Amino acid sequence: MKNERSLVFFLIFCILLITSCSQKMESTSFTAMNTYMTVKTYGKNAKSAAAANKLVKQEVERLEKIFSTTIEDSEVYRINNSVPDNNGFSTISVMPETTYLIEKSLELYKLTNGAFNPALYPVIKEWGFTTGDYKIPSKEKISQLLEFSDFSKIEISEKLMSTPPLDSILKADHDKALSSTASIITKPIGMQLDFGAIGKGFAGDRAIAVLREAGAKSALLDFGGNIQVLGTKPDGSDWTVGIKNPWGGQPVAAVKLRDSCMITSGGYERFFTGEDGKKYIHIFDSKTGRPVKNDLESVTIICREGIYGDALSTSLFVMGLDKAIDFWQQRGRDFNFVIITKDKSLVYTAALEKSISLLFDFDSVQIVK
Ligand code: AMP
Ligand code: MG
């Protein structure tokens, strides 16, 4: 009897081993949204995995053509360069994807009390972050441009077809996003948008949806530090993903993930040193119109939706440590974060205790509950 049972277990083990080994991994890399992107998909055979990767590339390139601030016939470019009427408002018809991103952004703008603000583009441009021609603008110029940054003044004035009600931001269903409708928006004179803090997360969610539709069960996307995974590894175990060392070198921590995303915003990603010798980073405080100055190096969000993880990593960076913890508690702890501070402290949420391994000698480690 005992021998029979051992034999059954052995056979199951062999079947599992064979099915996991029969999965072929295909890796595809490309550059889109100013980012080097890699998709690794496991499939029944190399051909099906490669076909799925190709669909992802096409989808990301399609979205880039809609959301780019610089491609001249992109929808965002059209919004940003629209001509206002005599009352100072312009009216633009936009695609479902843009409608969806504006709706989500309005929710996040309110939720984060303006820490997340996609209407900072005129300010960010003035600092030279769009061209690399960096400068510190005058106080007058900054206040003048901040006048255009009240994102709540954008309005979706008309839906062009009936649309399913949008779920709460936490339960965003990206198949619905596709069936979201075209709409007409109105925006005040001077307002210009930049979805740089949310677009890659949305593209990742779309990529996961595309992979699912193509029948993939197991995939990992690396969109320049935005990691999103579909399912588990083919053997059923979690993916292990590293958190970048802000000071260079090997990752400072590894986190186990399945069906989720891990998205980091770091002050080290893009910055310049001003004539005053100070460091100015690419993440902006919408209250001051200046690059954020606080004691954080990076904020990593772990949650299910890329759009949410991307927006929140930027937002919590803007908030700073104390407000980020408050926000997380007020939101009912419905996502996880890992924050690295300039004084080499690590702060992470309690639910990560089982899935995080530290690989760096931090001066202090705090687990928040
Ligand atoms: P991320 O690297 O995801 O944190 O996004 C940063 C990018 O989003 C910047 O390069 C800007 O284009 C834009 N951005 C900067 N500050 C903000 C902000 N407070 N809210 C929304 N977008 C921002
Ligand atoms: Mg972001």
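Author: The following account begins with the ligand site and then turns to the sheet and the helices packed on it. The model is a predicted one.

The magnesium ion (ligand 2) is coordinated by Ala-197 (O), by Asp-310 through both O and OD, and by Thr-314 (OG1), at 2.1 to 2.6 Å. Along the chain, these donors follow the spacing A-x112-D-x3-T. Ala-197 is located in the loop between β5 (183-188) and α8 (199-213), whereas Thr-314 belongs to helix α9 (residues 306-319), so the pair ties together parts that are 117 residues apart in sequence. Thr-314 has a relative accessibility of 13% and therefore counts as buried, the limit being under 20%.

Thr-314 also has a place in the surroundings of ligand 1. Around that ligand there are 17 residues, of which Ala-115, Asp-194, Ser-265, Phe-284 and Thr-314 come nearest. Polar atoms of three of these residues can be described individually. In the side chain of Asp-194, an N or O atom is 2.6 Å from an oxygen atom of ligand 1. Thr-314 places a polar side-chain atom 2.7 Å from an oxygen atom of ligand 1. For Phe-284 the backbone is involved: one of its N or O atoms lies 2.8 Å from a nitrogen atom of ligand 1.

Nine strands form an open sheet with mixed pairing, in the order β1-β2-β6-β7-β10-β15-β16-β17-β19. At its edges stand β1 (24-32) and β19 (364-368); each has a single partner strand, so one side of each is left without a neighbour in the sheet. On average, neighbouring strands of this sheet are turned by 10 degrees against each other, direction ignored.

Within the sheet, β16 (residues 336-341) and β17 (residues 345-349) pair in the antiparallel sense over three bridges, and Ile-339 stands opposite Val-347 in β17. Helix α10 (residues 321-330) packs on the sheet, where it touches β15 (296-303), β16, β17 and β19, and its direction makes about 175 degrees with that of β16. Helix α2 (residues 46-67) likewise packs on the sheet, with β1, β2 (35-43) and β6 (218-223) as the strands it touches; its direction makes about 20 degrees with that of β1.

Over the chain of 369 residues, 51% are buried. Among contacts with a separation of 6 or more, 62% are between residues 24 or more positions apart.

How values were computed. Residues are numbered from 1 along each chain as its sequence is written. Chains are lettered from A and ligands numbered from 1 in the order in which they are written. This is a predicted model: local features need pLDDT of at least 70, side-chain atom pairs count only at pLDDT 80 or more; totals for chains, interfaces and linings use all residues. Side-chain values use heavy atoms; hydrogens and water are left out. Two strands pair if DSSP finds at least two bridges between them. Helices (H or I, at least four residues) and strands (E, at least two) are DSSP runs, numbered from the N terminus. Axes are lines fitted to C-alpha atoms, for helices over the stretch in contact, and angles run from 0 to 180 degrees between N-to-C directions. Contact means heavy atoms within 4.5 Å. Donors are N, O and S atoms within 2.8 Å of the metal (3.2 Å for Na, K and Ca); water is not among the atoms, so sites may look incomplete. Buried means under 20% relative accessible area, exposed over 50%, partly exposed in between (1.4 Å probe, protein chains only). A residue is near a molecule or strand if one of its heavy atoms lies within 4 Å of it. A polar contact is a pair of N or O atoms within 3.5 Å; within protein, one must be able to donate a hydrogen and the other to accept it, and residues adjacent in sequence count only if both atoms are side-chain atoms.
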